[in-house]
Amino acid sequence: VLRADGKDFAVDEFLEKSSLKPLMIYYKGSKSFGENISNTSGFNVGVSNAEFEDLKTQINDVIIFLKREKEELKRLVEFANIKNVNQRIRRNIKLRG
């Protein structure tokens, strides 16, 4: 999942002209993740449909996404009031012991 947000980020304005298709959009002051109030506005974009256990496919999907969306991601990080843009690869890890 790619996540982008900022305290005063105009998420709708950015997405209006974006090729990115958000899985989720959230707004500062609204409830997000249960009862928590969000202190930022932003969105999440899916970059892989691979299973949690399939790390190799997740990594390949991320590389393809980054190459395909390079110009749009450049526009995103330069957009006014954007504070955070990060990519997360999800994986189930079993701890021993």
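Modeller: Gladly; please keep in mind that this is a predicted model, in which local features need pLDDT of at least 70 and side-chain atom pairs count only at pLDDT 80 or more, whereas totals for chains, interfaces and linings use all residues. Residues are numbered from 1 along each chain as its sequence is written, and side-chain values use heavy atoms, with hydrogens and water left out.

Colleague: In which sense do β1 and strand β6 pair, and over how many bridges?

Modeller: Strands here are DSSP runs of E with at least two residues, helices are runs of H or I with at least four, and both are numbered from the N terminus. Two strands pair if DSSP finds at least two bridges between them. Strand β6 covers residues 84-87, and its pairing with β1 is antiparallel, over 4 bridges.

Colleague: What is the order of the strands in the open sheet?

Modeller: β2 is joined to β5 by 3 bridges, and these two strands run antiparallel, with I25 standing opposite F43 of β5. The open sheet has 4 strands with antiparallel pairing, in the order β2-β5-β1-β6. Because β2 (24-26) and β6 each have a single partner strand, one side of each is left without a neighbour in the sheet, and the strands at the edges are β2 and β6.

Colleague: What angle does the direction of helix α3 make with that of β1?

Modeller: Axes are lines fitted to C-alpha atoms, for helices over the stretch in contact, and angles run from 0 to 180 degrees between N-to-C directions; contact means heavy atoms within 4.5 Å. Helix α3 (residues 70-78) packs on the sheet and touches β1, β5 and β6, and its direction makes with that of β1 an angle of about 25°.

Colleague: How many residues of strand β1 are buried?

Modeller: Buried means under 20% relative accessible area, exposed means over 50%, and partly exposed lies in between, with a 1.4 Å probe and protein chains only. In a regular strand the side chains alternate between the two faces of the sheet. In β1 both faces are covered, with L2, A4 and G6 buried on one side and R3 and D5 buried on the other. Strand β1 (residues 2-6) is thus mostly covered, and the count of its buried residues is 5 of 5.

Colleague: Is K7 buried or exposed?

Modeller: K7 is found in the loop between β1 and α1, and, leaving aside residues up to four places away in sequence, K7 touches K28, N39, T40 and N81. Its C-alpha atom is separated by 9.7 Å from that of N84, 77 residues apart along the chain. With a relative accessibility of 53%, K7 counts as exposed.

Colleague: Which residues form one aromatic cluster?

Modeller: Rings of Phe, Tyr and Trp (its six-membered ring) pair if their centres lie within 6.5 Å, and planes under 30 degrees apart count as stacked, over 60 as edge-to-face and the rest as tilted. F9 and F79 make an edge-to-face pair, 5.8 Å centre to centre with 85° between the planes, and both F9 and F79 are buried. F14 and F43 are stacked at 5.9 Å centre to centre, with 10° between the planes. One aromatic cluster is formed by F9, F14, F43 and F79.

Colleague: Why does the pair of F14 and F43 tie together parts that are apart in sequence?

Modeller: F14 is buried, with a relative accessible area of 0%, and F43 also counts as buried, at 0% relative accessibility. The pair ties such parts together because F14 lies in helix α1 and F43 in strand β5, and their separation in sequence is 29 residues.
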